[in-house]
Amino acid sequence: MASPRTITIIALSVALGLFFVFMGTIKLTPRLSRDAYNEMKRAYKSYVQALPMLKKMGVSSILLRKSIGALEVACGIVMTLVPGRPKDMANFLLLLLVLAVLFFHQLVGDPLKRYAHALVFGILLTCRLLIARQPEEQPPEKKILSVNGDEQPLIHEAAPEKGKMKVS
């Protein structure tokens with residue numbers, strides 16, 4: 001049976017991956033929701049206007065929106081379907097992306113309700129990354145004492161001595 005840690009990582013990976021595939025698709029096409037797509041277009045225009053250096057670099061609101069949407073879809077697919085190290089890289093990229101989006105929201109002065117989802121999913125991405133990077137817990141090994149060719153487990157290490165209290 002899989003450990004609770006493994007189940008948590010898989011559940012977070014699939015949920016986060018599907019969320020970012022959905023959100024990236026909304027940024028790329030109006031097929032899922034025309035209203036949400038139009039809102040994304042408006043928001044990204046305000047982001048580019050708030051950062052004139054993007055215009056100087058030749059980054060239009062369309063390019064910014066489509067780049068972020070494509071990155072969300074790609075990383076979301078990796079988070080959902082690809083095992084191992086690529087999943088952690090996608091997690092990290094999405095976390096950086098969420099931080100950039102939070103920066104954009106703050107820059108244009110959006111109210112909290114407009115970017116609360118980004119905040120929550122940023123926290124979830126951070127939690128998933130921290131859980132995935134923790135080493136797997138190993139069961140304690142039994143120590144064996146060899147006496148005259150007979151192997152015997154060390155009893156006194158398994159239980160504290162009588163009359164002594166273990167203090168942490």
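Me: What kind of crossing does H1 make as it passes H4?

Reply: H1 passes H4 in a left-handed crossing. The term means that the near helix is turned anticlockwise from the far one by less than a right angle; clockwise would be right-handed. This is a predicted model, where local features need pLDDT of at least 70, side-chain atom pairs count only at pLDDT 80 or more, and totals for chains, interfaces and linings use all residues. Residues are numbered from 1 along each chain as its sequence is written, and side-chain values use heavy atoms, with hydrogens and water left out.

Me: Why are H1 and H4 called roughly antiparallel?

Reply: H1 (residues 4-28) and H4 (residues 61-81) pack at an angle of about 155°, with axes 7 Å apart. Axes are lines fitted to C-alpha atoms, for helices over the stretch in contact, and angles run from 0 to 180 degrees between N-to-C directions. Under 35 degrees is roughly parallel, over 145 roughly antiparallel, 65 to 115 roughly perpendicular, the rest oblique. H1 and H4 are therefore roughly antiparallel.

Me: Which residues of H1 and H4 meet?

Reply: From H1 they include Ser13, Leu16, Phe20, Met23 and Leu28. From H4 they include Arg65, Ile68, Val73, Ile77 and Met79. Contact here means heavy atoms within 4.5 Å. By class, the contact of H1 with H4 holds twelve nonpolar, seven polar and four charged residues. Ala, Val, Leu, Ile, Met, Phe, Trp, Tyr, Cys and Pro count as nonpolar; Asp, Glu, Lys and Arg as charged; the others, Gly among them, as polar.

Me: What makes Ser13 buried?

Reply: Ser13 belongs to helix H1. Its relative accessible area is 0%. Buried means under 20%, exposed over 50%, partly exposed in between (1.4 Å probe, protein chains only). Ser13 is therefore buried.

Me: How do you know that the side chain of Ser13 makes a polar contact with the side chain of Arg128?

Reply: The distance is 2.8 Å. A polar contact is a pair of N or O atoms within 3.5 Å; within protein, one must be able to donate a hydrogen and the other to accept it, and residues adjacent in sequence count only if both atoms are side-chain atoms. The side chain of Ser13 also has a polar atom 2.7 Å from the backbone oxygen of Ile9. Leaving aside neighbours within four places in sequence, Ser13 is in contact with Met79, Thr80, Lys87 and Arg128.

Me: How far is Pro83 from Ser13, and where does Pro83 sit?

Reply: Their C-alpha atoms are 9.8 Å apart, though 70 residues separate Pro83 and Ser13 in sequence. Pro83 sits in the loop between H4 and helix H5 (85-108). With 62% relative accessibility, Pro83 counts as exposed.

Me: Why are H1 and H2 called roughly perpendicular?

Reply: The axes of H1 and helix H2 (residues 34-50) come within 8 Å and cross at roughly 75°. H1 and H2 are therefore roughly perpendicular. Met23, Ile26, Lys27 and Leu28 of H1 make the contact with Ala36, Tyr37, Met40 and Tyr44 of H2. That contact has seven nonpolar, no polar and one charged residues.

Me: What makes H2 and H4 oblique?

Reply: H2 and H4 pack at about 120°, with axes 8 Å apart. H2 and H4 are therefore oblique to each other. Their crossing is right-handed. H2 brings Tyr37, Met40, Lys41, Tyr44, Lys45 and Val48, while H4 brings Ser61, Leu64, Arg65 and Ile68.

Me: Is Glu39 buried, partly exposed or exposed?

Reply: Glu39 is a residue of helix H2. It has 30% relative accessibility, so Glu39 counts as partly exposed. The C-alpha atoms of Glu39 and Lys27 lie 9.3 Å apart, with a sequence separation of twelve residues.

Me: How do you know whether Cys75 is buried or exposed?

Reply: Cys75, in helix H4, has 5% relative accessibility and therefore counts as buried. Not counting residues up to four places away in sequence, Cys75 touches Ala90, Leu93 and Leu94. The C-alpha atoms of Cys75 and Ala90 are 4.9 Å apart, at 15 residues along the chain.

Me: How many helices and strands does the chain have?

Reply: It has seven helices and two strands. Helices (H or I, at least four residues) and strands (E, at least two) are DSSP runs, numbered from the N terminus. The order from that end is α-α-α-α-α-α-β-β-α. Of the 168 residues, 32% count as buried. Among contacts with a separation of 6 or more, 64% join residues 24 or more positions apart.
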